[in-house]
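User: I have a model open and would like to talk through its packing with you. Can we start with the overall picture and then go into details?

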Amino acid sequence: MQLFHTSTRLSATFDDTNLVSAAGLVPALALAVKTGLGELVNARLSLPGYFGANAGLKVTALVAGMLAGADSIDDMALLRHGGMKKLFVGTYAPSTLGSFLRAFTFGHVRQLDAVAWRWLVNLATHTPIVAGIDDYALVDIDDTIKEVHGYQKQGSGYGYSGVRGLNALIGIVSTPKAAPIIIGSRLRKGSTGSPRGAGKFVGDVLATVQRLRSTAATGVVLLRADSAFYGHAVVAAANRAGAKVSITARMDPAVKRAIATITADQWTTINYTDAIRDEESGAWISSAEVAEVTFTAFSSRKKSERIEGRLVVRRIPELNQKAGEGQPTLFDTHRFHAFFTTSDLDTVTADQTHRQHAIIEQINADLKDSALAHLPSGVFTANAAWLVLATIAFNLSRAVGSLASADLGKARSGTIRRKLINIPARISTSARKILLHLPASWPWETGWTAAFAAACGPPRTVPT
């Protein structure tokens with residue numbers, strides 16, 4: 001593709017007061033209003049002083065900026081262009097929004113957390129973001145280090161990744177019918193160990209899952225996590241909430257003794273990555289096998305705190321680096337990967353389900369490619385509030401995508417932003433009504449119209 005005219009015949013000027021670059025914010029913020037986001041903030045966020053005024057409008061302004069691609073406070077200036085003030089109330093200056101965030105204390109961040117889960121319950125009643133949660137719910141927790149630079153970031157430090165940053169603990173829920181949404185978040189010091197406070201966090205996110213389900217729900221809730229969260233606090237919190245667990249186990253002496261009791265005939269070949277099915281035998285030719293053994297976790301604790309379950313073990317042969325040099329091994333050796341589970345899934349299905357825990361890494365990457373590209377303030381509590389707002393923006397974009405189409409309901413935030421949010425539109429008015437003129441032949445017109453109709457009502461047909 002190239003310019004139709006030579007550059008000398010083109011000119012540009014920023015003078016259109018009826019043009020907006022993110023018309024998709026109209027259905028998105030209409031959905032936020034319908035689900036009571038601003039009202040919940042006004043009712044539950046008690047931020048004092050001048051900058052705490054109109055908290056509902058300021059929170060929705062920050063979420064709107066994040067939906068449109070803002071990843072810093074200065075980027076919130078994109079809310080103040082063209083005809084945005086003709087469409088929206090509360091298009092605050094970035095400096096005002098920055099002062100609002102810096103006014104947060106730890107208690108206010110927890111109030112914002114409470115707003116987030118209450119709003120999510122409202123959102124789930126208007127959109128299919130948790131379809132099938134009554135039948136089966138997969139809850140994943142993980143933490144990630146968000147790298148920061150400079151020594152003036154409160155709480156920054158060197159954690160397990162070896163980079164200077166802050167630690168974000170994330171909880172998500174997904175179902176066989178619905179893509180993951182974020183149901184909990186905590187910002188912690190960069191030097192914080194992964195399991196710190198995880199028991200309380202698990203209790204909070206599982207309580208949110210319970211609120212998202214109907215009172216008649218009887219399906220399984222399965223909590224998945226990696227070995228950093230293998231501890232009594234996490235497993236006990238899941239048990240108290242009535243959830244099953246599937247958590248990678250550390251190779252401590254008790255786990256090694258349990259693996260040693262597995263006999264050769266107990267191993268089952270699995271459909272592992274890059275496995276090939278043999279056409280004659282119908283068996284999978286793979287280098288991975290699984291087996292299970294009954295296991296009592298935390299056996300060093302008193303009897304009332306021990307938890308009965310199974311240890312599902314996957315073994316992979318160790319490669320002989322010198323086999324090509326005529327030095328074969330005397331006997332087979334394997335690498336073992338074990339996880340502890342209290343679910344009733346069969347061995348192969350339990351292994352497959354546990355490996356799908358990696359889906360949370362996609363959510364971490366999505367956040368870092370969107371609003372969490374930066375932690376914009378030097379104040380720790382401002383960044384903690386920013387993280388909660390980023391999760392609200394993520395869930396709102398997921399909801400808008402689910403209203404548009406089944407495919408966009410599973411798309412990443414960047415895709416939804418490109419196809420549904422950042423659409424230019426020209427504003428015209430007639431008989432006290434506002435009309436948005438969108439680009440003709442927009443490839444995702446059908447999805448955008450569906451989202452608009454669900455959030456705002458059917459769009460008015462304009463004669464041509």
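User: Fine, what kind of model is it, and what should I keep in mind about the numbers?

Analyst: It is a predicted model, in which local features need pLDDT of at least 70 and side-chain atom pairs count only at pLDDT 80 or more, while totals for chains, interfaces and linings use all residues. Residues are numbered from 1 along each chain as its sequence is written, and side-chain values use heavy atoms, with hydrogens and water left out.

User: How many helices and strands does the protein chain have?

Analyst: There are 14 helices and 15 strands, where helices (H or I, at least four residues) and strands (E, at least two) are DSSP runs numbered from the N terminus. The C-alpha atoms fill a box of roughly 85 × 55 × 50 Å along the principal axes.

User: And what share of the residues is buried?

Analyst: Of the 464 residues, 50% count as buried, with buried meaning under 20% relative accessible area, exposed over 50% and partly exposed in between (1.4 Å probe, protein chains only).

User: Which residues touch the most other members of the largest nonpolar core?

Analyst: Leu-25, Val-139, Ile-183, Leu-311, Phe-340, Trp-386 and Leu-389 do, out of 131 residues in that core; a nonpolar core here is a set of buried Ala, Val, Leu, Ile, Met, Phe, Trp, Tyr and Cys residues joined through side-chain atoms within 4.5 Å. The largest share of this core, 17 residues, comes from H12.

User: What does Leu-389 touch?

Analyst: Leaving aside neighbours within four places in sequence, Leu-389 is in contact with Val-59, Leu-62, Val-63, Met-66, Leu-101 and Leu-112, contact meaning heavy atoms within 4.5 Å.

User: How do H6 and H12 cross?

Analyst: The axes of H6 (residues 106-126) and H12 (residues 380-404) come within 9 Å and cross at roughly 5°, which makes H6 roughly parallel to H12. Axes are lines fitted to C-alpha atoms, for helices over the stretch in contact, and angles run from 0 to 180 degrees between N-to-C directions; those under 35 degrees count as roughly parallel, over 145 as roughly antiparallel, 65 to 115 as roughly perpendicular and the rest as oblique. The residues of this contact divide into 15 nonpolar, 3 polar and 1 charged, among them Asp-113 of H6 and Val-388 of H12.

User: What about H3 and H5?

Analyst: H3 (residues 55-67) and H5 (residues 94-102) pack at an angle of about 110° with their axes 11 Å apart, so H3 is roughly perpendicular to H5. Val-59 and Leu-62 of H3 are among the residues that make this contact, as is Leu-101 of H5.

User: One last thing, how many residues of H1 are buried?

Analyst: In H1 (residues 25-34), 8 of the 10 residues are buried, so this helix is largely enclosed by the rest of the structure. Leu-25 is one of those buried residues, and just after H1, Gly-36 takes a positive phi of about 75°.

Key:
Ala, Val, Leu, Ile, Met, Phe, Trp, Tyr, Cys and Pro count as nonpolar, Asp, Glu, Lys and Arg as charged, and the others, Gly among them, as polar.
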